[in-house]
Amino acid sequence: MSLNALTFPDHFLFGSATAGHQIEGDNIHCQEWYDEHHDERRKAAGKGVSGKACNHWELYRQDVDLIADLGHQAYRFSIEWSRIEPAEGQRDDAAYRRYRDLVERLVARKIQPWITVCHYTHPQWFQAKGGYAEERNIADFERHCDWMGRHFGDLAAGWILHNEFNSGPISAARRKINYLKAVARGALALKPHSKAPTTYAHGGHYVEPLRKTDPLDRAATEWEDWRTNEWVLHAFRTGEIVHPGVDAENCAWVKDAIDWWGLNYYRRHIVDARRANLHAPYPASSARRVLHNVPPGDRKAEHLAVDEMYPDGLLSLLLRRKDKPVIITENGYVGDDDTERIRYIQLHLAAVHEAIRQGVDVRGYCYWTTMDNFEWGTFVPRFGMVHVDFETFQRTPKPSAYWYRDLIQRRTLEAMT
Ligand code: FCB
């Protein structure tokens, strides 16, 4: 492997990302918290509870100092809707003031706040009304975005309306379409209050056929690509919503409702038309369990642990986004080998650099994640640049955090051989 020294443009932002539920702790008004304690299927799947997570709710001041000390120029995080509006129509002023303080501290330390309005977690009252299964509930999110714009619009550097709604099963098509419409309506609601660009975090579902010349694998890959990626790009480019399983719809207001493309990317997916679920399995799970210290039964951790790095997938997804500025809203390495983490970031940033060279207007990169966190059911897989002791909440930057700080100062990826 060899890599030349690569310099990034001056305006390119280096940062990191988190999500409220994964780090704050005691996020008791959201549906995810309720499900962690009451959903038997979750428990049967071996998923644990978030509890205090990283206790960021209480430790946010020191976390801002840490992020500043590590030199990050942008920080993507979520403001939990269920904390701001724990009951329908009732706002929690103390929660608002705490988030306002967080944002002001970031700005004071010259860190751009990239605010995720909803990172998977919804208020329990919203879910009780049917959540996004009901199109009429989009109005609640739109109203919330208007409120967010009025309260944070002066300081936000960017808005990420929703996270990774683009994939998911075809049976959930209606819900996915409602998410898409919510992103568009939310972005339009923010506009009067904020000059900051709006986007959503697209789950970069890079797909490849298992057998490159097999017509069925190729057709299945096209199909997978449409239903996970292209239907959303197409909708924001044309206003036409074409998703398998439902009649197509024209919504002129969806066209160009967002300003930038946001992109999360982790790995590739291999499509095998000869499997019921189309996806080829990753390498034997027992090997992965050993490599990543995954305890037996922790299926979520096993799912996240992947042994390969595939930066070409990121390049390919970026090359499809030449028509708007792009921000990488997530990209990260899971595992305890911090040298591999550095290598992962190097290779993916090299792919970003190549995309810029080929004409994609990539404006920034947020590493997932700032600190080890709660990964939706498990604390085992560690994506963080900062180690967290989940008993004492002690934060300890890993070597990768200092490597990244140096990179941010130099703005040049060193040559790799
Ligand atoms: C993404 C999620 C994020 C985190 C990473 C590992 O899909 O957006 O919250 O769980 O995966």
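This is a predicted model: local features need pLDDT of at least 70, side-chain atom pairs count only at pLDDT 80 or more; totals for chains, interfaces and linings use all residues.

Trainee: What about Gln22 and the ligand?
Mentor: A polar atom in the Gln22 side chain lies 2.7 Å from a ligand oxygen.

Trainee: Which residues surround the ligand?
Mentor: Gln22, Asn163 and Glu330 are among them. The list also includes His119, Tyr120, Glu164, Asn264 and Tyr266. Trp368, Glu375, Trp376 and Phe383 belong to it as well.

Trainee: And by class, what does that shell have?
Mentor: It has 5 nonpolar, 4 polar and 3 charged residues.

Trainee: New topic, rings. How many aromatic pairs are there in the whole structure?
Mentor: The search finds 28. One of the pairs is Tyr75 with Phe77. Their centres are 5.2 Å apart, with 15 degrees between the planes. That pair is stacked.

Trainee: Are those two buried or exposed?
Mentor: Tyr75 has 0% relative accessibility, so it counts as buried. Phe77 has 2%, so it counts as buried too.

Trainee: Now Trp81 and Phe126. Why is that pair called tilted?
Mentor: Because the ring planes sit at 50 degrees. Stacked needs planes under 30 degrees apart, and edge-to-face needs over 60. The ring centres of Trp81 and Phe126 are 4.9 Å apart.

Trainee: Where in the chain are they?
Mentor: In distant parts. Trp81 is in helix α5, residues 81-84. Phe126 is in helix α7, residues 124-128. They are 45 residues apart, and the pair links them. Both Trp81 and Phe126 are buried.

Trainee: Which cluster do ring pairs link Trp81 into?
Mentor: One that includes Trp125, Phe126, Tyr132, Phe141 and Phe165. Tyr179, Tyr200, Trp231, Phe236 and Trp261 are also in that cluster.

Trainee: Which ring face does Arg98 lie over?
Mentor: The face of Trp57, at 4.0 Å from the ring centre. Arg185 lies over the face of Trp253, at 5.8 Å from the ring centre.

Trainee: Why does Asp272 count as buried?
Mentor: Because its relative accessibility is 8%. Buried means under 20%.

Trainee: Where is Leu278 found?
Mentor: Leu278 is in the loop between β9 and α11. It has a relative accessible area of 17%, so it is buried. Its C-alpha atom is 9.8 Å from that of Pro209, and the two are 69 residues apart along the chain.

Trainee: Last one. Which helix holds Leu317?
Mentor: Helix α13, residues 311-319. Leu317 is buried, with a relative accessible area of 1%. The C-alpha atoms of Leu317 and Leu210 are separated by 18 Å. Along the chain, Leu317 and Leu210 are 107 residues apart.

Notes: Residues are numbered from 1 along each chain as its sequence is written. Side-chain values use heavy atoms; hydrogens and water are left out. A residue is near a molecule or strand if one of its heavy atoms lies within 4 Å of it. A polar contact is a pair of N or O atoms within 3.5 Å; within protein, one must be able to donate a hydrogen and the other to accept it, and residues adjacent in sequence count only if both atoms are side-chain atoms. Ala, Val, Leu, Ile, Met, Phe, Trp, Tyr, Cys and Pro count as nonpolar, Asp, Glu, Lys and Arg as charged, and the others, Gly among them, as polar. Rings of Phe, Tyr and Trp (its six-membered ring) pair if their centres lie within 6.5 Å; planes under 30 degrees apart count as stacked, over 60 as edge-to-face and the rest as tilted. Buried means under 20% relative accessible area, exposed over 50%, partly exposed in between (1.4 Å probe, protein chains only). Helices (H or I, at least four residues) and strands (E, at least two) are DSSP runs, numbered from the N terminus. A charge sits over a ring if NZ of Lys or CZ of Arg is within 6 Å of the ring centre and within 35 degrees of the ring normal.
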